[in-house]
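Q: I'm new to this one and would like a close look at a single part of it. Could you pick a strand and walk me through what surrounds it?

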Amino acid sequence: MEARKKRQGSGDSNGSSGYGSAVESFHSEHLLNMEEAMKILNLNKSQGCPLEDCKNAIRGCKIKTYPRILCLHEPMCKFPEVRNLTVRSKLNFFKAHGEKFNVFCQSFDKCRQVLFLYKKTKEQDSVRICVQHYGRKEISFTMTFYDKKDRHLHKIVGKTGLQIHLIPGKVFREVGPLVSYKIVMSK
């Protein structure tokens with residue numbers, strides 16, 4: 001009978017697999033505090049930078065700010081353009097609330113009466129998604145999440161209503177706090 005080799009610890013291991021929660025894996029030094037954000041806004045203002053509307057203002061976005069800040073906002077705006085009943089945008093893990101659902105995509109609000117909402121899980125390492133409609137009938141949708149090389153990571157196929165969909169924590173561990181997604185609504 002063959003003897004099995006016992007795995008040796010590295011010395012710095014605490015028995016963990018090495019994967020932390022999504023929140024632990026994001027570096028807070030890359031986030032601005034209120035004082036730093038105000039410095040950047042005041043710098044833009046003092047240099048005479050013009051205020052501009054978000055490119056999605058015609059679809060309902062009310063953000064009006066400096067161009068350098070807009071380039072951070074627009075990839076994860078709640079009002080991305082709908083083309084052939086399809087939307088592409090980014091989901092921001094940090095904007096998800098821990099206690100209540102909030103909207104991350106409002107593009108289908110006018111044409112289909114559908115809102116995409118999300119909130120963090122109790123473990124704070126992932127999000128739950130709920131797709132609400134206030135029209136007369138349920139609508140089918142497909143939501144796909146992508147990695148940094150635009151390869152499929154996770155897919156949800158469902159209908160609007162009360163069902164809550166869990167996005168696995170591995171999606172945020174692999175990609176980080178900004179995850180690209182595509183939503184396709186049925187005709």
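A: Before we start, one definition: two strands count as paired if DSSP finds at least two bridges between them. Also keep in mind that this is a predicted model.

Let's take strand S5, which covers 114–120. For some background, the protein has 5 helices and 10 strands, and 34% of its 187 residues are buried.

Who are its partners? S5 pairs with S4 in the antiparallel sense, over 3 bridges. It is also joined to S6 by 7 bridges, and those two run antiparallel as well. Val 103 has Leu 117 in S5 as its bridge partner, while Leu 117 in turn has Cys 130 in S6 as its bridge partner.

Now follow the chain out of S5. S5 and S6 make a hairpin with 6 residues between them. In the turn you'll find Gln 124, with a positive phi of about 60 degrees. Ser 126 sits in that loop too, between S5 and strand S6 (127–133). Is Ser 126 buried or exposed? It's buried: its relative accessible area is 2%, and the cut-off for being buried is under 20%. Leaving out residues up to four places away in sequence, Ser 126 touches Lys 119, Lys 120 and Thr 121, and also Phe 93, Leu 166, Ile 167, Pro 168, Gly 169 and Phe 172.

Next, the nonpolar side of things. In soluble globular proteins, nonpolar side chains tend to be buried together. Here, the largest nonpolar core has 28 residues, and Phe 104, Phe 116, Met 143, Phe 145, Tyr 181 and Met 185 touch the most other members. S5 and S6 are among the elements giving two or more residues to this core, along with strand S3 (86–92), strand S4 (102–105), strand S7 (140–146), strand S8 (152–159), helix H5 (169–175) and strand S10 (178–185). The biggest giver is S10, with 4 residues.

Not counting residues up to four places away in sequence, its contacts include Val 87, Leu 91, Phe 104, Cys 105, Met 143 and Phe 145. Apart from this core lies another one, of 5 residues, with Cys 61, Leu 70, Cys 77 and Phe 79 among them. For the protein as a whole, among contacts between residues at least 6 apart in sequence, 51% join residues at least 24 apart.

Finally, a look at charge. Side chains of opposite charge can pair when their charged atoms come close. The structure holds 2 salt bridges. In one, the side chains of Asp 147 and Arg 151 meet at 3.0 Å, N to O. Asp 147 counts as buried at 12% relative accessibility, whereas Arg 151 is partly exposed at 48%. In the other, Glu 81 and Arg 83 meet at 3.4 Å, N to O. There, Glu 81 is partly exposed at 39% and Arg 83 is exposed at 58%.

Methods
Residues numbered from 1 in each chain as written. Predicted model: local features only at pLDDT ≥ 70, side-chain atom pairs only at ≥ 80, totals over all residues. Heavy atoms only, no water. Buried < 20%, exposed > 50% of the residue type's maximum accessible area, 1.4 Å probe, protein only. Contact = heavy atoms within 4.5 Å. Salt bridge = Lys/Arg side-chain N within 4 Å of Asp/Glu carboxyl O. Core = buried A, V, L, I, M, F, W, Y, C linked by side-chain atoms within 4.5 Å.
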